[in-house]
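Here is a short briefing on one protein chain. Take a look at the structure, then read the points below.

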Amino acid sequence: MAKKAFPLRISPDVLAAMQRWADDELRSVNAQIEYVLRDALVKQKRVKLVQKVMTVVEDPDDINPSSN
């Protein structure tokens, strides 16, 4: 997916809050802003959620029980 740079004017208080939220979620501020915008667009039905990527962590013993 190609991304386009976009200058954003944002108040220092909002930026600080986004930074704290991004830190909590282990994201960059840029990724957090994009996540929040995308989530709002989906909730308002402005865009369709085409695919949701999920990662499932499985116990290796459950995958190959004969290796014990």
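The model is predicted, and the mean pLDDT of the protein chain is 84. Of its residues, 75% reach 70 or more.

**Confidence**
- Confidence is highest in helix H1 (residues 12-24), at a mean of 97.
- Confidence is lowest in helix H3 (residues 60-63), at a mean of 67.
- Where pLDDT is low, the predicted coordinates should not be read in detail.

**Helix H1**
- H1 has 13 residues, and at 1.5 Å a residue they should span 18 Å.

**Helix H2**
- Helix H2 (residues 29-43) has 15 residues.
- From first C-alpha to last, H2 reaches 21 Å, close to the 21 Å expected at 1.5 Å a residue.
- Which residues are buried in H2? They are Val29, Gln32 and Ile33.
- These three cover an arc of only 100° around the axis, which means that they lie on the same side of H2.
- An α-helix has 3.6 residues a turn, so residues three or four places apart point the same way.

**The largest pocket**
- About 350 Å³ of space lies in the largest pocket.
- The pocket is lined by 11 residues. The closest to its centre are Lys4, Phe6, Asn30, Ile33 and Glu34.
- The lining holds seven nonpolar residues, one polar and three charged.
- Ile33 is buried in H2 and is also one of the residues closest to the pocket's centre.

How values were computed
Residues numbered from 1 in each chain as written. Predicted model: local features only at pLDDT ≥ 70, side-chain atom pairs only at ≥ 80, totals over all residues. Heavy atoms only, no water. 1 Å grid on protein atoms, 1.4 Å probe; cavity = no way out; pocket = protein on both sides within 12 Å on 5 of 7 lines; lining within 4 Å. Points joined across faces, edges and corners; volume = space filled by probe spheres on them. Nonpolar A, V, L, I, M, F, W, Y, C, P; charged D, E, K, R; others polar. pLDDT = per-residue confidence, 0-100. Helix = DSSP H or I, 4+ residues; strand = E, 2+ residues; numbered from the N terminus. Expected span 1.5 Å × (residues − 1). Buried < 20%, exposed > 50% of the residue type's maximum accessible area, 1.4 Å probe, protein only. Arc of directions from axis to C-beta.
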